[in-house]
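Subject: Handing over the structure

Dear colleague,

I am passing this structure on to you, and I have put together some notes on what was found in it. Please open the structure first and then read the notes beside it.

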Amino acid sequence: MTALLEVTELKKHFPIRGGFFGGTTGHVYAVDGISFHIERGETLALVGESGCGKSTVGKAILRLFDITAGQVVLDGKRIDDMTAATLRPLRRRVQVVFQDPFSSLNPRMRVRDILAEPIRNFGLARDARDLEERVAKLMDTVRLPRDAVNRWPHEFSGGQRQRIGIARALAAEPDLIVCDEAVSALDVSVKAQIVNLLQDLQQELGLALLFISHDLAIVEHMTHRVAVMYLGKIVEVAPKRSLFAAPKHPYTEALLSAVPVPMPGAQRERIILRGDVPSPINPPKGCRFHTRCPYVFDRCRTEEPKLAAPRTAMAPGHVAACHLHDRPDSENPLAVAKGEAVIPV
Amino acid sequence: MASATVVAPAALTSRDVAAAPPMPDVLPPVKPRRGFLGFLRRNPTIVAGAGLLLVMLAIAIFAPLLFTTDPTALAPARRTREPSAMYWFGTDMLGRDVYSRVLYGTRVSLLVGFSVALLSSVIGLTIGLISGFVRWADSIIMRIMDGMMSIPPILLAIALMALTRGSVQNVIIAITIAEIPRVSRLVRGVVLSLREQPYVDAAVAAGTRTPVIIWRHILPNTLAPITVQATYICASAMIVEAILSFIGAGTPPIIPSWGNIMAEGRALWQVKPYIVFFPAIFLSITVLAVNLLGDGLRDALDPRMAKRL
Amino acid sequence: MALLEVDNLQTHFRTPDGVNRAVDGVSFSVNAGETLAIVGESGCGKSVTAMSILRLIPEPPGKIAGAIRFEGRNLLELSDREMRGIRGNEISMIFQEPMTSLNPVLTVGRQIGETLRLHQGLNAKEAEEKAVEMLTLVGIPEPARRVREYPHQLSGGMRQRVMIAIALACNPKLLIADEPTTALDVTIQAQILELMRDLKHRVGAAIVLITHDLGVVAEVAERVVVMYAGRKVEEAAVGPLFRTPRHPYTQGLLGSMPKLGSSLHGEETRLAEIPGLVPSLKQKIPGCVFASRCPHSTELCIQVAPALEEKAPGHVAACHYAMKEGALAA
């Protein structure tokens, strides 16, 4: 059986327009050749810092714009080159939940109309009564009172709005939901409510999730597999446990060690990266991480590493793009499982 | 571990309850005012602007009932009378009653102001929406708008009036054309920023067609900024109309308008200032009313103004 | 004597639909050289507390009551002129968004120099020398070149370093940092947190750190005040607060955070939720502010606001049912 979603060598370059005549003066290499897949019912996390291209990947899968190169295959059908009309019925299968609970709901639509829109568009309801019934059931599903459908978005709190956003995504009966930083803007206690809701829904409905986030603790809690992005490239993909216990890319290791944990005085090995992320307009040659990597050596500056399974990986399906793994284990600081060292326990 | 530090409620019965001291009120209590009256109370500028404008509107509609005479009736024997119990605002060079002329002039001013505001908003909205959604049309439309905006609206209106004969209808058309670029630019900017809103992306993902997206998700959210802009255009159109009439390029002399009343009184300004003074006061008050309304609406409709903390 | 004593601070705002009791009776103190964190979720009043200390609350619609004693002087009784002499000089502040808190049309050097010339009467040359020195202190490479640059030429992390340099330029005794790392990426946040820890040893200023991130609190704070709905509900040294939180809200907060490394030990648990919503601050709440969401609440909690009681040495909590150390559990 094929994977639900198969992305191959996806590229999205945004032209930079400038000059009097609005000509193209350069490109932002937002996503620069990434491949991954998502199985049915699986949660794949896409993690990385701002500007790494993770949200662009989400929008590319939703076909909110045309991609520059590569393929996006949904359930065996290639969707990246479909016309808008052929694509429309297929849109039902991939839905989205955004970060900002305020700008993700049209302020001039009542909750009922927000939820009815996808149901009507995809012709899911038999008649007006069925539509009303479906809207009411969606409210139940996201644990909101049924009579709240007559209210306006501004009458709800951030967490409740995020529930409405989730209900709208569910209204289309999708197979895959792209959660673009879906819980990042919420307060801790509300975040827990929404995380639990998403997990319950995934179990009940067998949904696949592409969970785009910068919050590693939530990612570890939520997902099955994790893909780490840096400057438009995927640098590591692994089953969750394997990634957190034994990261095989120096960037992943540094990310894990940088997350503040609520344990005062905890002992941990800290890798503080120097400098800033280079600009995606002019990404470094060779490995894109070499300008900040604590283990950089000559080869990294010239040759770009490919994703490959390191000998020392803990689990199958763990791949990383790093030249260190071609070296003997004694010269590879990531040969051993570093998770326990960088995450305090 | 964590919950072990909270005693089960039953264990408390025997011990004294430590109550926190009550906190005083730092500010006098505010009685929340809801509904329409509350809205008016919170927005006194709107009340002032709309109130004045309503008075002007009433004057325009009920001008024949407000003790006026025929504003065009000539009476050479009673030329240039001072304001008196008989002629409240005096009479002009041809003996016409200035009070009646000013009151009837309200009609022209308001008609031009409202029509221009409405027409230029509707046309500007259409152009702005096209320009915000059709990428290839955008650069062409916007270059044309830039070109039009490089000519001051008054000069453009004068030039357009020169091509046709003076009538209220033509004045409205000329001023509308001159005002369209401003609205189009505003709408285009709003449309471009609304298109980036996550709820629009979500609607696309939910299979909504582009015309429906424009109608349901874009249009309703452009109305607030357009309404505000329309009030400013209304005010500016009234002034432009008065200027056009003043220089004789606007309303024909047969129809009294504040601009041509002032134009006719211009020659006698030094000796009979009241002929210019009264229409000028009416124009100022009306423009002030519309601008007040616009400012009030802007503050009330702009979500960034943190009205409620 | 403590460096800063906030005594029964109340900051209320007049709004069209009632008086918002944003901060309602908060007391705490900061000792010289100490790092105190004020932690809580959005709307708990932590930022308003910080702004009140510097009297940056517009009055009206706001109103500050209580006492804020800095080195024994009540800041609320000072004239505006005296207050200006304190802001940026003896007490300075770092904001969350480094881009909007820097002036885009002035060079970095000018902005650091400005406070020095204003408060310490340095001339232009001395100010620039000091600016270079400050940039070196906050770990900006090539400081002599960077002083002549404008904020937009710097990255987010660099800008936050510049903000810290400006804040520290006059050797303040107290630094108020309002969500200083919230807008930053995790690797940049790690750099800034390391810088703050390092600077604390070298500069010796007391820090009031306002944040919602318990992880950041655990990494830099010595003492913690937990706020909820405009009130202080718990205060303790950082260790005891995280090990044995006494207030149900603090317990709920810690329980609802996913723990990094949870998958390493196979403890895949559901997150604890705090049900319900924060109450509106526009009505007076007679009882405990957390009662409506608390799993332990009783009729007593709804009717009587609990006083802050010392539950263990140096550990206070406002809860009728939080156990005192040494008391027998039922």
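The crossing of helix H2 and helix H3 of chain B is left-handed, and since what you have is a predicted model, please take this and everything below as computed from that model. H2(B) covers residues 44-61 and H3(B) covers residues 98-133, and the two pack with their axes 7 Å apart at an angle of about 115°. Angles from 65 to 115 degrees count as roughly perpendicular, and H2(B) and H3(B) are therefore described as roughly perpendicular to each other. On the H2(B) side the residues involved are Met56(B), Leu57(B), Ile59(B) and Ala60(B), which meet Leu103(B), Thr106(B), Arg107(B) and Leu110(B) of H3(B). Sorted by class, the residues of this contact comprise six nonpolar, one polar and one charged.

Staying with chain B, an unreviewed UniProt entry places the feature "transmembrane region" at residues 46-69, 110-134, 232-255 and 275-294. Of these spans, residues 46-69 of chain B are 67% helix and 0% strand, with the end C-alpha atoms 34 Å apart, while residues 275-294 of chain B are 100% helix and 0% strand, with 30 Å between the end C-alpha atoms. The unreviewed UniProt entry also gives "domain: ABC transmembrane type-1" for residues 110-294 of chain B. That span is 82% helix and 0% strand in the model, and its end C-alpha atoms lie 15 Å apart.

In chain C there is a helix pair with another geometry to look at. The axes of helix H3 (residues 108-120) and helix H6 (residues 156-168) of chain C come within 8 Å and cross at roughly 25°. Angles under 35 degrees count as roughly parallel, and H3(C) and H6(C) are therefore roughly parallel to each other. H3(C) passes H6(C) in a right-handed crossing. Here Val108(C), Gln111(C), Ile112(C) and Thr115(C) of H3(C) meet Val162(C), Ala165(C) and Ile166(C) of H6(C), and the residues of this contact are five nonpolar, two polar and no charged.

Turning to chain C, 37 residues of chain A are in contact with 40 residues of chain C. Helices H6 (188-205), H7 (216-222), H8 (240-245), H9 (250-258) and H11 (339-342) of chain A each supply at least two residues of the side of chain A that touches chain C, and H6(A) gives the most, with six residues. That side of chain A divides into 21 nonpolar, nine polar and seven charged residues.

Strand S4 (residues 69-74) and strand S5 (residues 77-78) of chain A pair in the antiparallel sense over two bridges, and Val73(A) stands opposite Arg78(A) in S5(A). S4(A) and S5(A) form a hairpin with two residues between them, and Asp75(A) in the turn has a positive phi of about 50°.

With best wishes

Conventions:
Residues are numbered from 1 along each chain as its sequence is written. Chains are lettered from A and ligands numbered from 1 in the order in which they are written. This is a predicted model: local features need pLDDT of at least 70, side-chain atom pairs count only at pLDDT 80 or more; totals for chains, interfaces and linings use all residues. UniProt positions are given in the numbering used here, feature names are shortened, and annotations may be inferred rather than shown by experiment. Helices (H or I, at least four residues) and strands (E, at least two) are DSSP runs, numbered from the N terminus. Two strands pair if DSSP finds at least two bridges between them. Two residues are in contact if their C-beta atoms, placed from the backbone, lie within 7 Å. Ala, Val, Leu, Ile, Met, Phe, Trp, Tyr, Cys and Pro count as nonpolar, Asp, Glu, Lys and Arg as charged, and the others, Gly among them, as polar. Axes are lines fitted to C-alpha atoms, for helices over the stretch in contact, and angles run from 0 to 180 degrees between N-to-C directions. Angles under 35 degrees count as roughly parallel, over 145 as roughly antiparallel, 65 to 115 as roughly perpendicular and the rest as oblique. A crossing is left-handed if the near helix is turned anticlockwise from the far one by less than a right angle, and right-handed if clockwise.
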